[in-house]
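Q: I would like to learn how to read helices, sheets and cores in a protein model. Could we go through them one by one?

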Amino acid sequence: NMAVSDEKVVRGRKRDSAPPVLYPSQSGRVRPFCLLNCARGIIRDMRIAIPRERRPQERRVAASADTAKRRVGMGHEVVIEAGAGVTAAFPDALYADAGARVAADEREALSTADIVLKVQRPDPEELRLMKRGSVLVDMLAPLQHPDEVKAYADAGLTAFAMELVPRITRAQAMDVLSSQANLAGYRAVLEASVAFGRAFPMMMTAAGTIAPARVLVMGAGVAGLQAIATARRLGAVVSATDVRLAAKEQVESLGATFLAVDLEAMKRMETAGGYAREMGEDFARRQREHVTEALRKIDIVICTALVPGRKAPVLITKDMIGVMRPGSVLVDLAVEQGGNVEGSVPGEEVTTANGAVILGHMNLLSHIAVDASQLYARNLLAFLGLIIDKDKAFKVDVSDEIVKASLLTQDGAVVHPQLTGA
């Protein structure tokens with residue numbers, strides 16, 4: 001047995017009969033998870049680490065003070081890298097008050113962690129610091145970055161991609177796409193209102209009447225529906241379009257007008273998971289013609305259309321922008337996945353020849369990092385509750401559809417069927 005003194009066991013404790021924390025082996029059995037000198041009865045709590053995000057323009061953090069406190073209350077050790085939550089209004093003192101330990105740097109936070117929680121994909125240095133056999137829970141964009149998934153397997157990590165959690169009733173509390181898209185739709189309208197040189201609501205004054213702004217939302221998923229609701233609250237006249245017929249009732253329930261192209265074709269444009277299918281060329285052409293006519297009277301366009309694992313579809317072409325009035329604003333929420341608006345540039349504000357403004361904000365959620373972090377942290381808390389039981393045992397139960405759908409790597413191999421071709 002490895003000689004370990006009581007001083008070396010961080011937040012450790014002696015137990016006479018408590019079971020060790022467990023993790024999966026290649027055989028499917030469970031085995032001690034970071035057990036130190038089990039023969040002496042010294043067991044260290046499972047260590048959950050939250051490092052500071054290092055990707056450019058990322059202000060979110062993977063744990064709030066509340067979720068850290070709840071994990072500590074469950075008997076785990078929570079380690080926060082110093083400064084990890086500062087940009088999301090969670091200073092180190094809040095985590096310390098919640099019972100978490102603040103690590104001085106990235107190495108201290110990651111090198112002994114059993115589970116690592118992150119917002120963005122880890123960079124090579126972070127991967128190098130993580131120990132083999134540890135668990136990574138993150139928004140990993142695996143379909144866009146399959147080479148990085150192979151790197152997780154090579155590093156010996158058990159990796160879960162939170163954006164692959166299926167949209168089923170039991171997984172609602174873990175649905176990061178919905179929690180984050182909801183805020184993105186809200187923030188997109190606020191960004192448009194700042195760039196727009198006029199007011200949103202109709203105003204009747206002694207000097208005359210100001211007409212309400214006209215907003216078109218393209219894509220009526222979670223982000224689009226929140227954009228509709230926000231624009232309506234600000235007093236705009238709102239219309240929306242989506243390739244899925246099921247969206248029509250949702251759009252109209254929020255007081256917006258639904259622009260329909262072909263109702264029969266739209267019935268076939270939704271997947272079993274509730275996502276939009278990529279539209280055929282004929283349908284896309286007819287939709288563009290219909291939308292182009294509407295754009296002549298539109299002041300603001302919010303584009304939210306994404307196809308999982310694919311380049312974002314182009315919804316607005318340069319010719320379509322050409323019919324819009326000077327001062328019109330287009331917000332492209334899909335700019336990082338190729339863009340819904342032709343001519344949008346990631347991270348830039350582009351003014352077209354006819355005076356329209358295209359906003360291509362990178363990581364719009366970092367503009368609302370406090371609430372985005374709170375919701376994401378709760379998503380992670382719910383997910384950990386699925387893979388860690390009340391006895392602090394961790395195992396990968398692939399018979400659970402949520403676990404199976406989100407599991408990318410295990411035992412040094414890529415296991416997700418969309419990445420293995422199985």
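A: Let us begin with a helix, where helices (H or I, at least four residues) and strands (E, at least two) are DSSP runs numbered from the N terminus. Helix α10, residues 281–295, has 15 residues and reaches 20 Å from its first C-alpha to its last, close to the 21 Å expected at 1.5 Å a residue; the expected span is 1.5 Å times one less than the number of residues. This is a predicted model, in which local features need pLDDT of at least 70 and side-chain atom pairs count only at pLDDT 80 or more, while totals for chains, interfaces and linings use all residues. Residues are numbered from 1 along each chain as its sequence is written, and side-chain values use heavy atoms, with hydrogens and water left out.

Q: Which residues in α10 are buried?

A: Buried means under 20% relative accessible area, with exposed over 50% and partly exposed in between (1.4 Å probe, protein chains only). In α10 the buried residues are Phe283, Ala284, Gln287, Val291, Thr292 and Leu295. They lie on the same side of α10 because they cover an arc of only 165 degrees around the axis, the arc being that of the directions from the helix axis to the C-beta atoms. An α-helix has 3.6 residues a turn, so residues three or four places apart point the same way.

Q: In what order do the 8 strands of the open sheet lie?

A: Two strands pair if DSSP finds at least two bridges between them. Here the order is β7-β6-β5-β8-β9-β10-β20-β21, with mixed pairing, and the edge strands, each pairing on one side only, are β7 (101–103) and β21 (413–414). Strands β10 and β20 run antiparallel and are joined by 2 bridges, with threonine 409 as the bridge partner of alanine 159.

Q: Which residues of the largest nonpolar core touch the most other members?

A: A nonpolar core is a set of buried Ala, Val, Leu, Ile, Met, Phe, Trp, Tyr and Cys residues joined through side-chain atoms within 4.5 Å. The largest one has 39 residues, of which Ile50, Ile115, Leu117, Val137, Phe160, Met162 and Phe383 touch the most other members. Helix α12 gives the largest share of this core, 6 residues.

Q: What does valine 137 touch?

A: Contact means heavy atoms within 4.5 Å. Leaving out residues up to four places away in sequence, valine 137 touches Ile115, Val116, Leu117, Lys118, Phe160, Met162, Leu380, Phe383 and Leu384.
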